[in-house]
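Please examine the structure displayed below.

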Amino acid sequence: MRVAITSTGNSLESKVDNRFGRCSYFVFYDTESESVEFLPNANRESVEGAGPASVQTVASRDVRKVVSGEFGAKVKAIFDQLQIQLIMVPDSNHTVAQIIEMLKNNN
Amino acid sequence: MPRQKLMRKIDKLPTFKGFKPMGKIDDMAPVVMNLEEYESIRLSDYANLSQVEASIVMGVSRPTYTRIYDIARKKIAQAFVEGRTVVFEGGKVYFDSDWYHCNSCDCYFDHLRKELLVEKCALCGSSNIEQFVDTKKEEDSFEVVCEMRVRSRTAGCRRGNTFNNI
């Protein structure tokens, strides 16, 4: 199962980004192969529609769970429709590595 | 440009993709049934709700619900009589999911598959979880009893775009 995590930087020590649509990087973590992939967010500077565009990026990679600080109202409806689970970690200082560690222990 | 359709709330997705007639060579175009039409059949004929109740559950007006239900019945009749395949697909819908809070890692997560029980946190796997209730939302909600469960009408006038192409 693949999980997307929003990140402020492109290393495992970066913090989880509080915004979903305009996060700096997406981290794709595969729970089976334990592979980690970083993808810069192309919608970071968009004026409008960053959320739905980011959903498209995430959904095209066959993700089943998304971890971020917050999700916008538009995004929530689309994720529900795509049957992708949302996990919010509001105002946390978790690093990407910590989140991955939690997901690893979960399985 | 015509006014955009309201988003329709779907409670339960069909667990399969459609129906096929027996003993017939499948050469006709299938009848495409939107998810909101499937939901209207489920609410009106399976759960035995009145159209007013069902329209509140789906978050649309009563006349709109009647129209959806009418189309649904016509499509089923067409499929029955002409022996066509029925496919559940598309529609301007969104799914309502409940939010849960994990006390162990302080995260919030939603639960999409309602038929399954929430046992552990989606992130850390802890069983120390509770249902998250938005107190502000609950106050002005209008409740309907449906299938021995109380649902809240919190998203009566949601507007949005269709996201069929994602």
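The report begins with the basis of the description and then treats each topic in turn.

## Basis of the description

This is a predicted model, in which local features need pLDDT of at least 70 and side-chain atom pairs count only at pLDDT 80 or more, while totals for chains, interfaces and linings use all residues. Residues are numbered from 1 along each chain as its sequence is written, chains are lettered from A and ligands numbered from 1 in the order in which they are written, and side-chain values use heavy atoms, with hydrogens and water left out.

## Aromatic pairs

Over all chains, the structure holds eleven aromatic pairs. Rings of Phe, Tyr and Trp (its six-membered ring) pair if their centres lie within 6.5 Å; planes under 30 degrees apart count as stacked, over 60 as edge-to-face and the rest as tilted. A:Phe20 and A:Phe79 form an edge-to-face pair, with 5.4 Å centre to centre and 70° between the planes. A:Phe20 lies in the loop between strand 1 (2–7) and strand 2 (25–30) of chain A, and A:Phe79 in helix 2 (residues 73–81) of chain A, so the pair ties together parts that are 59 residues apart in sequence. Helices (H or I, at least four residues) and strands (E, at least two) are DSSP runs, numbered from the N terminus.

A:Phe20 is buried, at a relative accessible area of 3%, and A:Phe79 is buried at 0%. Buried means under 20% relative accessible area, exposed over 50%, and partly exposed in between (1.4 Å probe, protein chains only). In chain B, B:Tyr65 and B:Tyr69 form a stacked pair, 6.3 Å centre to centre with 10° between the planes. Both lie in helix 3 (residues 62–82) of chain B, four residues apart, about one turn of the helix.

## Nonpolar cores

A nonpolar core is a set of buried Ala, Val, Leu, Ile, Met, Phe, Trp, Tyr and Cys residues joined through side-chain atoms within 4.5 Å. The largest has 24 residues; those with the most contacts inside it include A:Ile5, A:Ile99 and B:Leu123. Helix 3 (96–106) of chain A is among the elements that give two or more residues to this core, and helix 3 of chain A gives the most, with five.

## Helix 2 of chain A

Helix 2 of chain A is mostly covered, with seven of its nine residues buried. Among them are A:Val75, A:Ile78 and A:Phe79. Helix 2 of chain A is followed by A:Gln83, whose phi is positive, near 60°.
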